[in-house]
Amino acid sequence: MSESRAQGRIVLVAPELGFTLYRNNVGALRDARGRVVRYGLANETAALNRRIKSGDLIGIRQVLIEPHHVGLTLGQFASVEVKEPGWAYSGRGREPAQLAWIEHVRKLGGFACFADGPEGLTVAHSINKLSNNF
């Protein structure tokens with residue numbers, strides 16, 4: 001199965017876990033005047049994009065309000081870096097910059113993970129809930 005197919009499956013399962021996810025296209029192109037136009041999250045410059053790469057899917061995760069959240073309505077920023085099924089972190093290529101994004105989002109209270117299919121998202125979601133990080 002391809003990464004693209006894994007992404008489609010994740011998007012289909014995400015609502016069952018309280019997520020709304022959207023494709024985050026990241027890149028650069030030249031406009032009609034020849035100027036470079038960069039698009040996608042964390043892609044303001046080529047240098048920034050080499051250091052940190054935002055996830056393939058961006059959205060919001062619903063958070064169940066518990067007693068310690070009284071009076072709050074919470075929607076947690078969510079980012080998923082999709083990988084082909086069977087993938088394992090190697091620390092090569094784009095992976096360190098992708099991990100830097102995941103760590104950045106988590107440090108700021110968001111939800112972020114690598115996922116190689118719906119099961120990967122489900123596991124990351126469950127671990128996150130067990131750690132009391134919403």
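## A loop to start with

Ala42 sits in the loop between strand S3 (36–39) and helix H2 (46–51). Helices here are DSSP runs of H or I with at least four residues, strands are DSSP runs of E with at least two, and both are numbered from the N terminus. The phi angle of Ala42 is near 55°, a positive value in a residue other than glycine. Ala42 counts as buried, at 13% relative accessibility. (Buried means under 20% relative accessible area, exposed means over 50%, and partly exposed is in between, with a 1.4 Å probe and protein chains only.)

A word on what you're looking at: this is a predicted model, where local features need pLDDT of at least 70 and side-chain atom pairs count only at pLDDT 80 or more, while totals for chains, interfaces and linings use all residues. Residues are numbered from 1 along each chain as its sequence is written, and side-chain values use heavy atoms, with hydrogens and water left out.

## The whole chain

The chain has 4 helices and 6 strands. Read from the N terminus, the elements go α-β-β-β-α-β-β-α-β-α. The C-alpha atoms fill a box of roughly 55 × 35 × 25 Å along the principal axes.

Of the 134 residues, 37% count as buried. Contact here means heavy atoms within 4.5 Å. Among contacts with a separation of 6 or more, 59% are between residues 24 or more positions apart.

## How the strands line up

Two strands count as paired if DSSP finds at least two bridges between them. Start with S1 (19–23), which runs antiparallel to S4 and is joined to S4 by 5 bridges. Strand S4 (residues 57–62) in turn pairs with S5 over 6 bridges, again in the antiparallel sense. One of the partners here is Gly75 in S5, bridged to Gln62.

On to S6: strand S5 and strand S6 (residues 111–115) run parallel, joined by 5 bridges. Ala78 stands opposite Phe111 in S6. S5, helix H3 (residues 95–107) and S6 together make a right-handed β-α-β unit; right-handed means that, with the strands pointing away from the viewer, the path from the first strand over the helix to the second runs clockwise. Strand S5 (residues 75–82) is mostly covered, with 6 of its 8 residues buried.

## Arg61, tucked into a strand

Arg61 lies in strand S4 and is buried, with a relative accessible area of 1%. Phe19 stands opposite Arg61, and Arg61 also stands opposite Gln76 in S5. The side chains of Arg61 and Gln76 are joined by a polar contact of 2.6 Å. (A polar contact is a pair of N or O atoms within 3.5 Å; within protein, one must be able to donate a hydrogen and the other to accept it, and residues adjacent in sequence count only if both atoms are side-chain atoms.)

## A helix with two sides

In helix H1 (residues 3–13), the buried residues include Ala6, Gln7 and Ile10. Looking down the axis of H1, the buried residues fall within an arc of 100°, so they line one face of the helix. That arc is taken from the directions from the helix axis to the C-beta atoms.

The other side of H1 has Ser4, Arg5 and Leu12, which are exposed. Ser4 has a relative accessible area of 58%.

## Two nonpolar cores

A nonpolar core is a set of buried Ala, Val, Leu, Ile, Met, Phe, Trp, Tyr and Cys residues joined through side-chain atoms within 4.5 Å. The largest one has 15 residues, and those with the most contacts inside it are Ile10, Phe19, Leu21, Val80, Phe111, Cys113 and Leu121. H1, S1, S5, S6 and helix H4 (118–130) each give two or more residues to this core. A second, separate core of 8 residues includes Ile58, Trp101, Val105 and Phe114.

What does Leu21 touch, not counting residues up to four places away in sequence? The list is Ile10, Ala14, Leu57, Ile58, Gly59, Ala78, Val80 and Leu121.

## One more loop

Arg35 is in the loop between strand S2 (27–30) and S3. Arg35 counts as partly exposed, at 47% relative accessibility. Leaving aside residues up to four places away in sequence, Arg35 touches Leu29 and Arg30.
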